[in-house]
Amino acid sequence: MKNNKLLLCMAVTSAVLLAGCSAYNKAESYVNEPVVKDVKVGMTKQQVHQIAGGGTERPLVNAKGTCSDYLLKNRDGTAQNYFVSYNETGHVLNKGFQSCQAYDTNPQR
C-alpha cells in the first residue's frame, strides 16, 4: 500500500514537471518573435511595420486609435494571438498576448 502511494506521488510529480517544461518551451518560442522582443511602447507604427510587418489592422471601438493583430506560430504548430495597439498619433500604446478584439473589450490605459 505504501509503495502504491509512493509510485502515485512520483507519477503526479513527473507529470506536473513535464507540463511546466512544455509551457516554458512555448513561452520561450514566443518571446523570440520580433513583434514581442523588439517592439516597444512609444514606437511609431512605421517602426513596428519595419520590425514585424503590418499584421491585421483594425480600428478600436472602446479605446482610441487602431490595433494590429499578429498570429505567432509555436514550434509545435500551435498559434498564439498577439496585439499591438496605437494611439491617435500612431505610436504604440500597449501590446500583449491576446487579440485586438479581446483587448478592446477591456483596454488598459
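Here is a walk through the sheet in this model, strand by strand, and then through the aromatic side chains around it. Keep in mind that the model is predicted.

Let's start with the overall layout. Four strands make up an open sheet, in the order E1-E2-E3-E4, and the pairing is antiparallel. The edges belong to E1 and E4, each of which has a single partner strand, so one side of each has no neighbour in the sheet. On average, neighbouring strands are turned by 20 degrees against each other, if you ignore direction.

Now follow the chain through the sheet. Strand E1 covers residues 56-59 and strand E2 covers residues 66-73, and four bridges join these antiparallel strands. You can pick out the pairing at Thr56, whose bridge partner in E2 is Asp69, and again at Pro59, which is partnered by Thr66 in E2. Six residues sit between E1 and E2 in their hairpin, and in that turn Gly65 has a positive phi of about 110 degrees.

From E2 the chain goes on to strand E3, residues 79-86, and here eight bridges join the two antiparallel strands. If you want a landmark in this pairing, look for Tyr70, which stands opposite Tyr82 in E3. The hairpin of E2 and E3 has five residues between the strands, with Gly77 in the turn showing a positive phi of about 90 degrees.

The next hairpin takes you from E3 to E4. These strands run antiparallel as well, joined by four bridges. Tyr86 faces its opposite number here, Val92 in E4. Five residues lie between the strands of this hairpin, and Gly90 takes a positive phi near 85 degrees. So what packs on the sheet? Helix H3, residues 45-52, does, and it touches E1, E2, E3 and E4. The direction of H3 makes about 15 degrees with that of E2.

Lys45 lies over the face of the Tyr86 ring, at 5.1 Å from the ring centre. Lys45 is also within the residue range of helix H3, 45-52, while Tyr86 falls within the range of E3, 79-86.

That brings us to the aromatic pairs. How many does a search of the whole structure find? The count is two. One of them is Tyr82 with Phe97, an edge-to-face pair at 4.9 Å centre to centre, with 75 degrees between the planes. Tyr82 belongs to strand E3, and Phe97 to the loop between strand E4 (92-96) and helix H4 (100-105), so this pair ties together parts that are 15 residues apart in sequence. Phe97 is partly exposed, with a relative accessible area of 42%.

The other pair is Phe83 with Tyr103, and this one is stacked: 4.4 Å centre to centre and 20 degrees between the planes. Phe83 comes from strand E3 and Tyr103 from helix H4, so the pair ties together parts that are 20 residues apart in sequence. Phe83 is buried at 2% relative accessibility, and Tyr103 is buried too, with a relative accessible area of 1%.

One last thing to check while you look at E3, which holds both Tyr82 and Phe83. In a regular strand, side chains alternate between the two faces of the sheet.

Key: Residues are numbered from 1 along each chain as its sequence is written. This is a predicted model: local features need pLDDT of at least 70, side-chain atom pairs count only at pLDDT 80 or more; totals for chains, interfaces and linings use all residues. Side-chain values use heavy atoms; hydrogens and water are left out. Two strands pair if DSSP finds at least two bridges between them. Rings of Phe, Tyr and Trp (its six-membered ring) pair if their centres lie within 6.5 Å; planes under 30 degrees apart count as stacked, over 60 as edge-to-face and the rest as tilted. Buried means under 20% relative accessible area, exposed over 50%, partly exposed in between (1.4 Å probe, protein chains only). A charge sits over a ring if NZ of Lys or CZ of Arg is within 6 Å of the ring centre and within 35 degrees of the ring normal. Axes are lines fitted to C-alpha atoms, for helices over the stretch in contact, and angles run from 0 to 180 degrees between N-to-C directions. Contact means heavy atoms within 4.5 Å.
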